[in-house]
Amino acid sequence: MATVASAQTAPAQTIWRLLDYIAVDYPEAVENGEIVNQSEYDEMKEFSGTASKLIGELPTSSAKTGLLRQAEALEGAIATKASPQAIAAAARELATDLIKAYPVPLSPSIAPDSGRGKALYAQHCASCHGATGRGDGLQAVGLDPPPIAFTDEKRARNRSVFALYQVIEQGLEGTSMASFADLPSQDRWALAFYAGSLAYPDTEVSNGKTLWDSDAYLRKRFDLEKLVATMPATLAAELGEDKARQVMAYLRRHPDAAATQPAPGTLTLARSRLKEVITVYERGERKTATDLALSAYLDGFEPAEPILAARDNALMVRIERAMSDLRAAIAKGDPVEAVQSRVATLDRLFAEAETILAPNEASGTSGFIAAFTILAREGLEAILIVTAIMSFLVKAGRRDVLPYLHGGWIAALIVGAGTWAASTWLITISGAGRELTEGVGGVFAAAVLLWVGIWMHGKSHADAWQRYIRDRLGRALSRRSAWLLFALAFIVVYREVFETILFYAAIWSQGNSGAIVSGAFAACVVLALIAFAMLRYSRTLPIGKFFAYSSALLAVLAIVLMGKGSAALQEAGYLPATPSPGLPRSELLGIYPTYETIGAQLVMVALLVLGFLWNRRAAA
């Protein structure tokens, strides 16, 4: 599929690259109406002629005739030795209209990783372009033309990250610059951003960050797509040379700053991602379409999910189902018309959701309900698991192991606070990363609870428990087992804290902070009462009934967490999702209407049944 897509978009990308080259290098050929470099001028004429020829070979479209006229006008302007400013303007205008008529990917789907770009540069580029981008690599000797010096600010001023990306993907004919189309698209974007940052020293970054953080106009002006398309020279015309240099130094090293979420109450990012889904799916790029559909949900919609759930849960469920149906349609390779229909349905649902999510719809009551339900829902599973294990340790007379259990959930709260601080001031946690953390944590906890539940069920007979106390308890609760309890407490609590923090960040942006704090406090009171009741009631239960009830509780929680973990991995794109409208849905029970999540829970049920039957046989 990638090969087919590349073949479809390559002609337009080649033309764009030629036009960009003309816009940047024409000043080297002509000055004040006179030729100052004959070979450069001949190259300009050749490139403009090639661009016209290739435009004539593009598939027929309503814009093609106009593009040909623009290309001929550009050729004529070069022939008459027009000014560099006029040639650059004409070439840029033609390139912009070309991309509108024959779309190619204009920006990465998510912010590239700067560290990844640096590593790729060292691996693929430093040998020619030099370790610091000065064009002085060991293999640069004798190359004609010599490798570009990325540190040359004069050239960098007139080159966007998008232009660098095109060269990385297509290569440059007649030079030693090869195509790196074999690299994944996200890696090519990371490499383009890193190469584009080399003209701007690290010393400018802190000033650039200060400007970015203090200037609302800048933050409104840039999103990821505008950042990759903006030339530093264009920005300098607006801000001045010094400020433009500082801002570019910062943003090209930290593109995630321009990939921030839209304003509260809007689903702009989700809706724009859906438009991109159609564009790339029509070109046959199913993998990219899947990634964009995932981003529409994870990065565009999920941050608003807790607010919408509090105000209109039915609409939230409809959107989740529609997103799952869209991803399934793309995975099956449904006709373009079918995918377009699903995208149109989602766009209508998002428009309806935006009305409900609007800030003027926020109220103290909705803030209280959202804060209460989120914390109560997320905290209930953790409270039940930790309290059940705590009761077991108390009844077993092993209070010496309690510090490990308490250490696990306390450590989870501390790390959760660190996660909140990092996601607020240091990094952006992607939706995929969020779901992956929840999914892996859920599946791990379910696996441990499966073992603990079967073990507890085996001790539900009084005589079996007495034998266990006499023969094995001291060895079973060794330091290694105690650390396992620490790990279980940490995972189940951190998983819930992680999700709660991110959801609270979303509802906090809607205002009504007093109501949110009140809702959180009320949820804490309810959870504390549940924990107290469980501990108090467990003391009065005979040992056999205690283990029977506890094993049943942990078995149910294992099934719930397996469903939730599997669903989170589906939403992150790590598991396939086959929707079934006939299957029920219950977030409380971890039941989601896909065959994969139901199948995972049925496997868990089967393992529990086999384990319980084995225990009964052993007891008999």
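## A cluster of rings

Tyr121, Phe150 and Tyr194 are joined into a cluster by ring pairs. Keep in mind as you look around that this is a predicted model. Across the whole structure, a search turns up five aromatic pairs. To describe such a pair, we give the distance between the ring centres and the angle between the ring planes.

Tyr121 belongs to helix α5 (residues 114-124) and Tyr194 to helix α9, so the pair ties together parts that are 73 residues apart in sequence. Are these two residues buried or exposed? Both Tyr121 and Tyr194 are buried.

Now find Tyr165 and Trp189, an aromatic pair that is stacked, with 3.8 Å from centre to centre and 10° between the planes. This pair also links distant parts of the chain: Tyr165 sits in helix α8 (residues 161-170) and Trp189 in helix α9, 24 residues apart. Tyr165 has a relative accessible area of 1%, so it is buried. Trp189 is buried as well, with a relative accessible area of 1%.

## Charges that meet

Side chains of opposite charge can pair when their charged atoms come close. How many salt bridges does a search of the whole structure find? The search finds eleven.

Glu153 counts as partly exposed because its relative accessibility is 24%. Arg245 also forms a salt bridge with Asp242, at 3.1 Å, N to O. Arg245 and Asp242 both lie in helix α14, three residues apart, which is about one turn of the helix.

Another salt bridge brings together the side chains of Asp202 and Arg253 (2.9 Å, N to O). Asp202 is found in the loop between α9 (185-197) and α10 (205-214), and Arg253 in the loop between α14 and α15 (268-282), so the pair ties together parts that are 51 residues apart in sequence. How do the two partners compare in exposure? Asp202 counts as exposed because its relative accessibility is 58%. Arg253 has a relative accessible area of 16%, so it is buried.

## Cysteines without a bond

A disulfide is a covalent bond between the sulfur atoms of two cysteines. How many disulfides does the structure hold? The structure holds zero. Take Cys125, which is in no disulfide: the nearest cysteine sulfur, that of Cys128, is 8.6 Å away. Cys125 has a relative accessible area of 11%, so it is buried.

## A nonpolar patch on the surface

Finally, turn to the surface. Phe521, Val525 and Leu529 make a nonpolar surface patch of about 310 Å². Leu529 lies in helix α26 (residues 513-540). With a relative accessibility of 53%, Leu529 counts as exposed, because exposed means over 50%.

Notes. Residues numbered from 1 in each chain as written. Predicted model: local features only at pLDDT ≥ 70, side-chain atom pairs only at ≥ 80, totals over all residues. Heavy atoms only, no water. Salt bridge = Lys/Arg side-chain N within 4 Å of Asp/Glu carboxyl O. Buried < 20%, exposed > 50% of the residue type's maximum accessible area, 1.4 Å probe, protein only. Helix = DSSP H or I, 4+ residues; strand = E, 2+ residues; numbered from the N terminus. Patch = residues over 30% accessible without salt bridge, like charges linked within 9 Å, V, L, I, M, F, W, Y side chains within 5 Å. Areas by Shrake-Rupley, 256 points an atom, 1.4 Å probe, with all protein chains shown as cover. Disulfide = S-S within 2.5 Å. Phe/Tyr/Trp six-rings, centres within 6.5 Å; stacked < 30°, edge-to-face > 60°.
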